[in-house]
Amino acid sequence: MHSLLDIHGVAYALTEAQRAATMDVKMQESWQYANKVCRHTIWQTFSNELFDMYCSYKEAKIIWEALVTKSTAKDATEQKFVMGKY
């Protein structure tokens, strides 16, 4: 998904939070557009349960970080199980 967003030139919204105080109007509009594209692209891949959980988030960066944290924790748990079984 990150590659798709990078192709469209909006992947920076996944790593940068909006800095309203230091941005000029053109930069704010650019970030808002990138954030919107990222959010909607991420939401399109969700099942109904995940969509309901994450639809209230307003920044793509927060959604992305939550998904990374969730998948990392799941992967670490599986690795511990495999190592314990070994």
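Modeller: Let's begin with I63. Remember that this is a predicted model. Leaving aside neighbours within four places in sequence, I63 is in contact with R39, I42, W43, F46, Y54 and Y57.

Biologist: Which residues touch the most other members of the largest nonpolar core?

Modeller: L5, L14, C38, F46 and I63 do. That core has 14 residues.

Biologist: Which helices each supply at least two residues of this core?

Modeller: Helix 2 and helix 4, which covers 60-85. Helix 2 gives the most, with five residues.

Biologist: How far apart are the end C-alpha atoms of helix 2?

Modeller: They are 29 Å apart. Helix 2 has 20 residues, 25-44, and at 1.5 Å a residue it should span 28 Å, so the two values agree.

Biologist: Switching to rings. How many aromatic pairs are there in the whole structure?

Modeller: A search finds three. One of them is W43 with F51, which is edge-to-face. The centres are 5.7 Å apart and the planes are at 80°.

Biologist: Why does that angle make it edge-to-face?

Modeller: Because planes over 60 degrees apart count as edge-to-face, and this pair is at 80°.

Biologist: And W43, buried or exposed?

Modeller: W43 is buried, because its relative accessible area is 13% and the cut-off for buried is under 20%.

Biologist: What about F46 and Y54, how are their rings set?

Modeller: Their planes are at 40°, so the pair is tilted. The ring centres are 5.4 Å apart. Both F46 and Y54 are buried.

Biologist: Which residues do ring pairs link into a cluster?

Modeller: F46, Y54 and Y57. I63 is in contact with each of those three as well.

Biologist: New topic, cysteines. How many disulfides turn up?

Modeller: Zero, in a search of the whole structure.

Biologist: So what's the exposure of C38?

Modeller: C38 is at 0% relative accessibility, so it counts as buried.

Biologist: And C55, how exposed is that?

Modeller: C55 is partly exposed, with a relative accessible area of 31%.

Note on methods. Residues numbered from 1 in each chain as written. Predicted model: local features only at pLDDT ≥ 70, side-chain atom pairs only at ≥ 80, totals over all residues. Heavy atoms only, no water. Helix = DSSP H or I, 4+ residues; strand = E, 2+ residues; numbered from the N terminus. Expected span 1.5 Å × (residues − 1). Phe/Tyr/Trp six-rings, centres within 6.5 Å; stacked < 30°, edge-to-face > 60°. Buried < 20%, exposed > 50% of the residue type's maximum accessible area, 1.4 Å probe, protein only. Core = buried A, V, L, I, M, F, W, Y, C linked by side-chain atoms within 4.5 Å. Contact = heavy atoms within 4.5 Å. Disulfide = S-S within 2.5 Å.
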